[in-house]
Amino acid sequence: MTRIDLAGLTAGPAQVWGGIRLVPLLRETPVEGLRLSRELYGDGEGDPYEEGYGDGDGYGYVDLGGRSGYVSYIPHGFVAEWAPGEGQSAAYGTQLGGGGATAPVRVPVRRHHRLAKRRKGAAGIDRLRFLPLHLALEGYLALHFGGPSVAWDEWSQQAVRRGMSPREEDAYAGWQVRGLADALRVFEIHPRQCGVMVYAADALAAAFVVPHPDDYRALHPSLVQDLYGELVHQYALYSAPVPEFRARIDDAAGGIRTLADLRLAAHAQERAWTAAHDTLMARDLLETPYAFERVRKLGPFALYRFLPPFQRGRAEQHIGELITDGKGRVAYLKTFRLSEKQIRRGHLLRRLAGCDWHLGRTAEALGTTYEELVVRITRAGFGFLLNEHVVAQRMRETGET
């Protein structure tokens with residue numbers, strides 16, 4: 001598997017709110033044997049589309065094992081349940097908490113063991129608790145996390161001993177993305193809807209797929225608590241309203257005489273919209289080759305996370321996670337769009353690792369100079385890994401400044 005295959009899902013007519021476009025994904029038949037549903041950690045009172053819904057512990061620490069940890073704002077998690085029949089499952093939400101009027105502000109931290117962990121279920125139903133998007137983000141943060149594979153003099157002792165720890169990235173909660181909460185609030189959910197593609201300024205921000213329409217209805221509000229990249233936030237903030245989807249039926253030739261003719265023409269418009277969406281708007285997501293890593297086997301299903309090729313110049317690249325059934329059909333999908341800076345960091349790390357972290361060979365492979373490579377490493381946020389004195393000496397020896 002190298003690409004995301006959304007076979008069995010079709011794009012319905014889009015709905016627009018300002019610069020946000022929501023495209024429903026519809027299934028003819030749900031995926032059997034896997035369910036996702038919702039459970040809140042907090043009191044669950046209030047508007048689910050408002051900041052602060054579901055008060056509870058917001059920041060989470062995840063023990064990854066091997067003396068490594070993952071710390072993030074974790075608004076919700078999913079529990080997948082699979083069995084021969086239809087079991088229930090849960091998604092839970094959290095948010096930040098504060099101290100008293102005179103006490104200093106404190107942020108409670110909920111501890112988790114692993115990003116994906118099995119749980120015991122009743123009546124022969126198996127469960128897996130995983131943290132959506134954080135599973136994918138940890139995979140991106142762990143990209144060559146160990147640092148230099150060879151202790152070249154240009155790398156500091158910190159780089160050799162500790163690698164890139166700590167490694168961090170920025171993201172925005174959904175309620176910080178302009179117009180998203182309102183769009184989700186007024187969104188009309190279709191009877192067969194099992195997913196949605198979120199666009200900001202007609203750039204794909206995220207894709208979300210679940211196995212059953214009931215699961216989608218339960219988890220639809222969770223999209224406003226998800227994490228979104230810097231690029232998505234900027235597109236939503238500065239974009240003008242995008243055009244709405246409108247079906248236009250041309251009867252210039254007088255071919256529509258009955259309601260049956262009108263129905264056929266309307267269905268033709270829906271098929272045209274679906275084809276245009278799949279071949280134009282979602283093309284980069286579906287045609288990009290990904291590197292998949294299987295995280296856990298779930299009976300007849302499997303949970304994967306994936307990374308893009310980090311190709312410079314490719315307009316759109318996503319990380320994410322998905323669950324597939326025994327036939328390779330996507331039962332669950334959630335993606336996070338990377339910014340250009342994040343793509344450059346991934347590209348640079350892969351080139352360094354491919355050249356055994358030798359700066360001279362990496363510069364040659366990138367078609368650049370030693371000095372320019374050092375500048376790129378510093379701008380990417382990895383300058384603290386370099387031994388400044390040795391790097392300066394190398395540049396003096398090569399005549400670079």
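Leu-133 sits in the loop that links β11 (126-130) to α1 (134-141). In this predicted model, Leu-133 has a positive phi of about 75°, even though it is not a glycine. The residue is also tucked away: Leu-133 counts as buried, with a relative accessible area of 2%. Asp-202 is another non-glycine residue with a positive phi, here about 60°. Its place is the loop between β13 and β14 (203-209), and Asp-202 is partly exposed, at a relative accessible area of 32%. The peptide bond leading from Ser-165 to Pro-166 is cis, and its omega is near 0°.

Stepping back to the whole chain, there are 11 helices and 19 strands. Of its 401 residues, 47% count as buried. Among contacts with a separation of 6 or more, 66% come from residues 24 or more positions apart.

Setting aside neighbours within four places in sequence, Phe-208 is in contact with Leu-25, Phe-78, Cys-194, Gly-195, Val-196, Tyr-216, Leu-219, Leu-223, Tyr-332, Leu-333 and Lys-334.

Leu-349 leads on to helix α8, where it is one of the buried residues, together with Gln-342, Ile-343, Arg-345, Gly-346, His-347, Leu-348 and Leu-352. These buried residues pack against α1, β19 (330-337), α9 and α10. As for length, α8 (residues 340-354) has 15 residues and should span 21 Å at 1.5 Å a residue; the end C-alpha atoms are 21 Å apart, so the two values agree.

Helix α9 (residues 359-366) and helix α10 (residues 370-382) meet at an angle of about 95°, and their axes are 9 Å apart. That angle makes α9 roughly perpendicular to α10. By class, the contact between α9 and α10 has six nonpolar, two polar and one charged residues. On the α9 side are Leu-359, Gly-360, Thr-362, Ala-363 and Leu-366, and these meet Tyr-370, Leu-373, Arg-376 and Ile-377 of α10.

Helix α6 (residues 259-281) has 23 residues, and from its first C-alpha to its last it reaches 32 Å, close to the 33 Å expected at 1.5 Å a residue. Its buried residues are Ala-265, Trp-273, Thr-274, His-277 and Met-281. In general, an α-helix has 3.6 residues a turn, so residues three or four places apart point the same way. The cover over the buried residues of α6 includes strands β1 (9-11), β3 (20-27) and β13 (193-200), along with helix α7 (283-287).

Key:
Residues numbered from 1 in each chain as written. Predicted model: local features only at pLDDT ≥ 70, side-chain atom pairs only at ≥ 80, totals over all residues. Heavy atoms only, no water. Helix = DSSP H or I, 4+ residues; strand = E, 2+ residues; numbered from the N terminus. Expected span 1.5 Å × (residues − 1). Buried < 20%, exposed > 50% of the residue type's maximum accessible area, 1.4 Å probe, protein only. Contact = heavy atoms within 4.5 Å. Axes fitted to C-alpha atoms, helices over the stretch in contact; angles between N-to-C directions. Parallel < 35°, antiparallel > 145°, perpendicular 65-115°, else oblique. Nonpolar A, V, L, I, M, F, W, Y, C, P; charged D, E, K, R; others polar.
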